[in-house]
Amino acid sequence: MPGVMGTGLAISFVGSLPGGTIALTILQISALKGFTAAILFSLGDLLAEMLFVRIILIGLGWLEGQRKLLRILDGVSGVVLAVLAVGSFRAAFYPENEDQVLINNNLHPFFFGIALRSVIPTLIPYWLGICAMLFSNGTLVRKASCYNRFVIGLGIGTFCAHLIYAVGGIFAKDLIIKWNVAFQWLLFAFFGFMAVVQLRKAFFNDKI
(Lines give C-alpha, C1' and ligand atoms only; values in the text may rest on other atoms or scores of the structure.)
Protein backbone atom coordinates (compact mmCIF):
# COMPACT_ATOMS: atom_id res chain seq x y z
CA MET A 1 0.00 0.00 0.00
CA PRO A 2 2.80 2.53 0.65
CA GLY A 3 3.94 1.73 -2.89
CA VAL A 4 0.50 2.64 -4.23
CA MET A 5 0.63 6.01 -2.47
CA GLY A 6 4.15 6.61 -3.71
CA THR A 7 3.10 5.75 -7.26
CA GLY A 8 0.26 8.28 -7.11
CA LEU A 9 2.61 10.91 -5.66
CA ALA A 10 5.29 10.39 -8.30
CA ILE A 11 2.91 10.36 -11.28
CA SER A 12 1.05 13.46 -10.11
CA PHE A 13 4.20 15.40 -9.21
CA VAL A 14 5.84 14.77 -12.58
CA GLY A 15 2.58 15.38 -14.45
CA SER A 16 2.02 18.72 -12.66
CA LEU A 17 5.52 20.11 -13.26
CA PRO A 18 5.14 21.14 -16.95
CA GLY A 19 3.83 24.69 -17.36
CA GLY A 20 0.18 24.08 -18.20
CA THR A 21 -2.89 26.18 -17.43
CA ILE A 22 -2.95 25.46 -13.70
CA ALA A 23 0.78 26.05 -13.23
CA LEU A 24 0.69 29.37 -15.11
CA THR A 25 -2.34 30.46 -13.09
CA ILE A 26 -0.63 29.66 -9.78
CA LEU A 27 2.43 31.60 -10.93
CA GLN A 28 0.31 34.63 -11.82
CA ILE A 29 -1.83 34.51 -8.67
CA SER A 30 1.26 34.23 -6.48
CA ALA A 31 2.89 37.21 -8.20
CA LEU A 32 -0.15 39.49 -8.23
CA LYS A 33 -2.27 38.36 -5.27
CA GLY A 34 0.20 36.71 -2.93
CA PHE A 35 1.50 33.33 -1.82
CA THR A 36 -1.53 32.55 0.39
CA ALA A 37 -3.98 33.07 -2.47
CA ALA A 38 -1.89 30.79 -4.69
CA ILE A 39 -1.89 28.04 -2.05
CA LEU A 40 -5.65 28.30 -1.57
CA PHE A 41 -6.12 28.03 -5.34
CA SER A 42 -3.84 24.98 -5.38
CA LEU A 43 -5.82 23.29 -2.59
CA GLY A 44 -9.06 23.78 -4.50
CA ASP A 45 -7.47 22.46 -7.67
CA LEU A 46 -6.07 19.32 -6.08
CA LEU A 47 -9.34 18.63 -4.22
CA ALA A 48 -11.20 18.63 -7.54
CA GLU A 49 -8.52 16.45 -9.14
CA MET A 50 -8.62 13.95 -6.28
CA LEU A 51 -12.41 13.75 -6.49
CA PHE A 52 -12.36 13.22 -10.26
CA VAL A 53 -9.73 10.49 -10.02
CA ARG A 54 -11.63 8.73 -7.22
CA ILE A 55 -14.73 8.69 -9.43
CA ILE A 56 -12.68 7.44 -12.39
CA LEU A 57 -11.28 4.59 -10.30
CA ILE A 58 -14.78 3.50 -9.29
CA GLY A 59 -16.38 3.74 -12.72
CA LEU A 60 -13.45 3.21 -15.09
CA GLY A 61 -15.14 0.61 -17.28
CA TRP A 62 -18.44 2.51 -17.47
CA LEU A 63 -16.87 5.88 -18.27
CA GLU A 64 -14.75 4.49 -21.08
CA GLY A 65 -17.92 3.48 -22.91
CA GLN A 66 -19.82 6.75 -22.55
CA ARG A 67 -18.92 8.35 -25.88
CA LYS A 68 -21.81 10.85 -25.82
CA LEU A 69 -20.94 12.00 -22.30
CA LEU A 70 -17.31 12.49 -23.26
CA ARG A 71 -18.41 14.53 -26.29
CA ILE A 72 -20.53 16.77 -24.07
CA LEU A 73 -17.60 17.27 -21.68
CA ASP A 74 -15.37 18.12 -24.64
CA GLY A 75 -17.90 20.69 -25.85
CA VAL A 76 -18.26 22.34 -22.45
CA SER A 77 -14.49 22.48 -22.00
CA GLY A 78 -14.08 23.94 -25.48
CA VAL A 79 -16.57 26.75 -24.81
CA VAL A 80 -14.97 27.64 -21.47
CA LEU A 81 -11.49 27.65 -23.01
CA ALA A 82 -12.73 29.84 -25.87
CA VAL A 83 -14.08 32.36 -23.33
CA LEU A 84 -10.73 32.37 -21.52
CA ALA A 85 -8.93 32.85 -24.85
CA VAL A 86 -11.09 35.88 -25.66
CA GLY A 87 -10.42 37.28 -22.18
CA SER A 88 -6.66 36.90 -22.60
CA PHE A 89 -6.87 38.51 -26.06
CA ARG A 90 -8.64 41.55 -24.57
CA ALA A 91 -6.22 41.69 -21.63
CA ALA A 92 -3.28 41.89 -24.04
CA PHE A 93 -4.71 45.16 -25.38
CA TYR A 94 -5.36 46.62 -21.91
CA PRO A 95 -2.11 45.92 -20.04
CA GLU A 96 -2.80 48.67 -17.50
CA ASN A 97 -5.14 46.24 -15.74
CA GLU A 98 -2.89 44.14 -13.53
CA ASP A 99 -5.63 41.70 -12.47
CA GLN A 100 -5.89 39.76 -15.71
CA VAL A 101 -8.60 37.46 -16.98
CA LEU A 102 -7.67 34.34 -15.05
CA ILE A 103 -7.54 35.98 -11.65
CA ASN A 104 -9.85 38.97 -12.08
CA ASN A 105 -12.99 37.35 -10.68
CA ASN A 106 -15.09 37.40 -7.54
CA LEU A 107 -14.49 33.78 -6.63
CA HIS A 108 -12.49 32.86 -3.54
CA PRO A 109 -9.15 31.38 -4.71
CA PHE A 110 -10.07 27.98 -3.27
CA PHE A 111 -13.34 27.78 -5.23
CA PHE A 112 -11.66 29.25 -8.30
CA GLY A 113 -9.18 26.36 -8.15
CA ILE A 114 -12.05 23.86 -8.06
CA ALA A 115 -13.83 25.56 -10.96
CA LEU A 116 -10.81 25.86 -13.24
CA ARG A 117 -9.61 22.31 -12.65
CA SER A 118 -13.12 21.01 -13.41
CA VAL A 119 -12.99 22.32 -16.99
CA ILE A 120 -9.40 21.39 -17.87
CA PRO A 121 -9.91 19.08 -20.87
CA THR A 122 -6.91 16.81 -20.28
CA LEU A 123 -7.97 15.71 -16.78
CA ILE A 124 -10.28 12.81 -17.65
CA PRO A 125 -8.37 11.21 -20.59
CA TYR A 126 -5.03 11.61 -18.76
CA TRP A 127 -6.15 9.84 -15.61
CA LEU A 128 -8.23 7.30 -17.53
CA GLY A 129 -5.08 6.21 -19.35
CA ILE A 130 -2.92 6.22 -16.22
CA CYS A 131 -5.41 4.29 -14.10
CA ALA A 132 -6.11 1.75 -16.85
CA MET A 133 -2.38 1.11 -17.16
CA LEU A 134 -1.95 0.72 -13.39
CA PHE A 135 -4.83 -1.74 -13.22
CA SER A 136 -3.41 -3.78 -16.09
CA ASN A 137 0.06 -4.10 -14.53
CA GLY A 138 -1.30 -4.92 -11.07
CA THR A 139 -0.17 -1.74 -9.29
CA LEU A 140 -3.80 -0.86 -8.54
CA VAL A 141 -6.30 -3.43 -7.27
CA ARG A 142 -10.04 -2.98 -6.95
CA LYS A 143 -10.18 -2.16 -3.24
CA ALA A 144 -11.38 1.05 -1.61
CA SER A 145 -8.28 1.25 0.61
CA CYS A 146 -6.04 1.04 -2.46
CA TYR A 147 -8.02 3.76 -4.22
CA ASN A 148 -7.82 6.04 -1.19
CA ARG A 149 -4.06 5.70 -0.80
CA PHE A 150 -3.47 6.32 -4.49
CA VAL A 151 -5.66 9.45 -4.45
CA ILE A 152 -3.98 10.79 -1.28
CA GLY A 153 -0.59 10.24 -2.90
CA LEU A 154 -1.55 12.11 -6.05
CA GLY A 155 -2.89 14.99 -3.94
CA ILE A 156 0.44 15.29 -2.16
CA GLY A 157 2.35 15.11 -5.44
CA THR A 158 0.21 17.81 -7.06
CA PHE A 159 0.60 20.11 -4.07
CA CYS A 160 4.41 19.70 -4.01
CA ALA A 161 4.60 20.64 -7.71
CA HIS A 162 2.32 23.64 -7.15
CA LEU A 163 4.54 24.87 -4.32
CA ILE A 164 7.36 25.35 -6.82
CA TYR A 165 5.20 27.68 -8.94
CA ALA A 166 3.78 29.50 -5.91
CA VAL A 167 7.29 30.25 -4.63
CA GLY A 168 8.42 31.10 -8.17
CA GLY A 169 5.64 33.66 -8.46
CA ILE A 170 7.02 35.55 -5.47
CA PHE A 171 10.49 35.86 -6.97
CA ALA A 172 9.22 36.47 -10.51
CA LYS A 173 6.66 39.14 -9.60
CA ASP A 174 8.49 42.04 -11.26
CA LEU A 175 9.26 39.94 -14.34
CA ILE A 176 5.63 38.80 -14.72
CA ILE A 177 4.34 42.36 -14.44
CA LYS A 178 7.00 43.62 -16.89
CA TRP A 179 6.18 40.98 -19.48
CA ASN A 180 2.46 41.02 -18.79
CA VAL A 181 1.38 41.59 -22.42
CA ALA A 182 3.54 38.73 -23.70
CA PHE A 183 2.15 36.53 -20.93
CA GLN A 184 -1.42 37.30 -22.04
CA TRP A 185 -0.60 36.52 -25.69
CA LEU A 186 0.85 33.20 -24.53
CA LEU A 187 -2.35 32.39 -22.63
CA PHE A 188 -4.47 33.44 -25.63
CA ALA A 189 -2.55 31.09 -27.93
CA PHE A 190 -2.75 28.23 -25.43
CA PHE A 191 -6.45 28.60 -24.65
CA GLY A 192 -7.35 29.20 -28.29
CA PHE A 193 -5.53 26.08 -29.48
CA MET A 194 -7.06 23.89 -26.76
CA ALA A 195 -10.55 25.31 -27.46
CA VAL A 196 -10.26 24.39 -31.15
CA VAL A 197 -9.07 20.88 -30.29
CA GLN A 198 -11.89 20.27 -27.80
CA LEU A 199 -14.65 21.66 -30.03
CA ARG A 200 -13.38 19.62 -32.96
CA LYS A 201 -13.49 16.47 -30.84
CA ALA A 202 -17.00 17.34 -29.66
CA PHE A 203 -18.57 18.10 -33.04
CA PHE A 204 -16.43 16.82 -35.93
CA ASN A 205 -14.48 13.79 -34.78
CA ASP A 206 -15.96 10.30 -34.68
CA LYS A 207 -13.26 9.04 -32.35
CA ILE A 208 -12.67 10.12 -28.76
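Hi everyone, and thanks for having me. Before anything else, please keep in mind that this is a predicted model.

Let's start on the inside. In soluble globular proteins, nonpolar side chains tend to be buried together. Here, the largest nonpolar core has 21 residues. If you want to find it on screen, look for the residues with the most contacts inside it, which include Val53, Trp127 and Phe150. Cys131 is on that list too, along with Leu57, Leu140 and Leu154. Which helices build this core? Helices α1 (2-16), α3, α7 (123-136) and α8 each supply at least two residues. Helix α7 gives the most, with 8 residues.

Now on to helix α3, which runs over residues 35-58, and its links to helix α6. What does a search of the whole structure find in the way of salt bridges? The count is 1. That bridge joins the side chains of aspartate 45 and arginine 117, at 2.7 Å from N to O. Aspartate 45 lies in helix α3 and arginine 117 in helix α6, so the pair ties together parts that are 72 residues apart in sequence. Are these two residues buried or exposed? Aspartate 45 is buried, with a relative accessible area of 0%. Arginine 117 is buried as well, at 10%.

The next contact involves aromatic rings. A pair of aromatic rings is described by the distance of the centres and the angle of the planes. The structure holds 2 aromatic pairs. In one of them, the ring centres of phenylalanine 41 and phenylalanine 112 are 5.4 Å apart and the planes sit at 55 degrees, so the pair is tilted. Phenylalanine 41 belongs to helix α3 and phenylalanine 112 to helix α6, so here the parts tied together are 71 residues apart in sequence. Phenylalanine 41 counts as buried at 0% relative accessibility, and phenylalanine 112 is buried at 11%.

The C-alpha atom of phenylalanine 112 is 9.4 Å from that of serine 42, although the two residues are 70 apart along the chain.

The other aromatic pair is made by phenylalanine 110 and phenylalanine 111. Their ring centres are 5.4 Å apart with the planes at 80 degrees, so this pair is edge-to-face. Phenylalanine 110 counts as partly exposed, at 22% relative accessibility.

A disulfide is a covalent bond between the sulfur atoms of two cysteines. How many disulfides are counted in this model? The count comes to 0. As for individual cysteines, cysteine 146 is buried, with a relative accessible area of 1%, whereas cysteine 160 counts as partly exposed at 32%.

Let's finish on the outside. Which residues form the nonpolar patch on the surface? They are Phe35, Val167, Ile170 and Phe171, and together they have about 400 Å² of accessible area. Helix α8, residues 144-171, gives the most to this patch, with 3 residues. Isoleucine 170 is found in that helix, and it counts as partly exposed at 44% relative accessibility.

Key. Residues are numbered from 1 along each chain as its sequence is written. Side-chain values use heavy atoms; hydrogens and water are left out. A disulfide is a pair of cysteine sulfur atoms within 2.5 Å. Buried means under 20% relative accessible area, exposed over 50%, partly exposed in between (1.4 Å probe, protein chains only). Patches are made of residues with over 30% relative accessible area and no salt bridge: like charges are joined within 9 Å, nonpolar side chains (Val, Leu, Ile, Met, Phe, Trp, Tyr) within 5 Å. Accessible areas come from the Shrake-Rupley method with a 1.4 Å probe; for residues, only the protein chains shown count as cover. A salt bridge is a side-chain nitrogen of Lys or Arg within 4 Å of a carboxyl oxygen of Asp or Glu. Helices (H or I, at least four residues) and strands (E, at least two) are DSSP runs, numbered from the N terminus. Rings of Phe, Tyr and Trp (its six-membered ring) pair if their centres lie within 6.5 Å; planes under 30 degrees apart count as stacked, over 60 as edge-to-face and the rest as tilted. A nonpolar core is a set of buried Ala, Val, Leu, Ile, Met, Phe, Trp, Tyr and Cys residues joined through side-chain atoms within 4.5 Å.
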